[in-house]
Amino acid sequence: MTRTPGKTVLVTGGTGLLGKGLEETMPSGWRVVSLHQRAYKVTGSKATHLILDIRDKRAVDRLFARRRFDAVVHAAGIASVDYVENHYAESLESNIVGTLNVTSAARRADTHLIYVSTNAVFDGKKAPYRETDPVHPINQYGRLKVECERLVQETLQRWTIVRPILMYGWNHAVTRPNPATWIYEKLLKGETVSMVTDVHENPLYNISCGHALWAAIAKRPSGIFHLAGRDEVDRYQFALAVAAAFGLDAALVKPVTSKAFPGIAPRPKNTTFVTTRMARELGVRPMGVREGLEAMKAAMAARA
Ligand SMILES: NC(=O)c1ccc[n+]([C@@H]2O[C@H](COP(=O)([O-])OP(=O)(O)OC[C@H]3O[C@@H](n4cnc5c(N)ncnc54)[C@H](OP(=O)(O)O)[C@@H]3O)[C@@H](O)[C@H]2O)c1
């Protein structure tokens, strides 16, 4: 079994937006092994990259037999709400079978596992939500996440569940855009964007999410944590904030309601989180939308 000096966290889905935030906030003395399934090269990454499909139980078992990890952050899976709704069988394999493979291996290795869930476990009718509120998902993605949460809680001794809400930040070019980068690109090209006024969240900057995850890795608390920003906004207000932060044309942002998108999976209307536990136990202050977008702008300027 390979053991190198310092501590190592395995991040499944390490190239996603969450994984990028985790990597960029890595404290000294730690290393990240970033696991993903497609064979691409990630520029500017501080992690060691590992190409592995978590649906492949033998490959997952081999990895844990070969290497000892100090913690596992399990974030891999299909995270697009609409894709899950339209490709349910494939999503079951990635999200349920994949999670079973990773949690089983972590259990046998007696490694603390942090499972990354979502705000989509709620129906959006009784916001703001605390960690103790009963779950009631209204789409297939949320239902799969609830099953994974149950699997983690019922089979592992050493676990934390984090539920990030709508995340934004600079993603790796090889992975999917998020609301901030999608709106930014559209407005930059002078294209209009139709944004809904009836879906509310308190969006989370991926760097804040990274800080919360490192605190969870260090403290290994049991239980569920809601991770979110300070400001409750609808998607239209969020798009206006992106336009303002990057000096783009706010007139291109058009308000609509969800009725304008009849073909997509149902979204809970208001899943705003209470973040008291995140602040108190993980020591992460919820960041406002304007502050997060300004931080994105500063990061872009630093790269230029
Ligand atoms: N983004 C959000 O706003 C948000 C909000 C709440 C919760 N979450 C949860 O947070 C987690 C991370 O989300 P994200 O937005 O960072 O993800 P993302 O950008 O969609 O990236 C998904 C990651 O998972 C990997 N992956 C998918 N299927 C895999 C498989 N079968 N085997 C190995 N790797 C696989 C992908 O690798 P490839 O690139 O190689 O396919 C990629 O690294 C997810 O569990 C998601 O449900 C996200």
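How many residues of the shell around the ligand are nonpolar, how many polar and how many charged? The views below take up this question and others on a predicted model, in which local features need pLDDT of at least 70 and side-chain atom pairs count only at pLDDT 80 or more, while totals for chains, interfaces and linings use all residues. Residues are numbered from 1 along each chain as its sequence is written.

**View 1. The shell around the ligand.** The shell divides into 12 nonpolar, 14 polar and four charged residues, where Ala, Val, Leu, Ile, Met, Phe, Trp, Tyr, Cys and Pro count as nonpolar, Asp, Glu, Lys and Arg as charged, and the others, Gly among them, as polar. Of the 30 residues around the ligand, Gly13, Gly16, His36, Arg38 and Ala79 come nearest; a residue is near a molecule if its C-beta atom, placed from the backbone, lies within 6 Å of it. At least two residues of the shell are supplied by each of α1 (17-24), β2 (30-36) and α4 (88-109), and the largest share, three residues, comes from α1. Helices (H or I, at least four residues) and strands (E, at least two) are DSSP runs, numbered from the N terminus.

View 2. A nonpolar core is a set of buried Ala, Val, Leu, Ile, Met, Phe, Trp, Tyr and Cys residues joined through C-beta atoms within 7 Å, and a residue is buried if 20 or more other C-beta atoms lie within 10 Å of its own, exposed if 12 or fewer, and partly exposed in between. Among the 77 residues of the largest core, Val72, Val73, Ile114, Val162, Ala212, Leu213 and Leu227 touch the most other members. Helix α7 (residues 206-219) gives the largest share of this core, seven residues. Neighbours within four places in sequence aside, Ile114 is in contact (C-beta atoms, placed from the backbone, within 7 Å) with residues including Val72, Val73, Val162 and Leu213.

**View 3. Helix α5 and its cover.** The buried residues of α5 are Gln140, Tyr141, Gly142, Leu144, Lys145, Cys148, Glu149 and Val152, and what covers them includes α3 (81-86), α4, β5 (113-116) and β6 (159-164).

**View 4. Ala295 in helix α10.** Ala295, found in helix α10 (residues 289-303), is partly exposed because 17 other C-beta atoms lie within 10 Å. Leaving aside neighbours within four places in sequence, Ala295 is in contact with Tyr205 and Ile207. The C-alpha atoms of Ala295 and Ile207 are separated by 9.3 Å, although the two residues are 88 residues apart along the chain.

Definitions and conventions: Contact = placed C-beta atoms within 7 Å.
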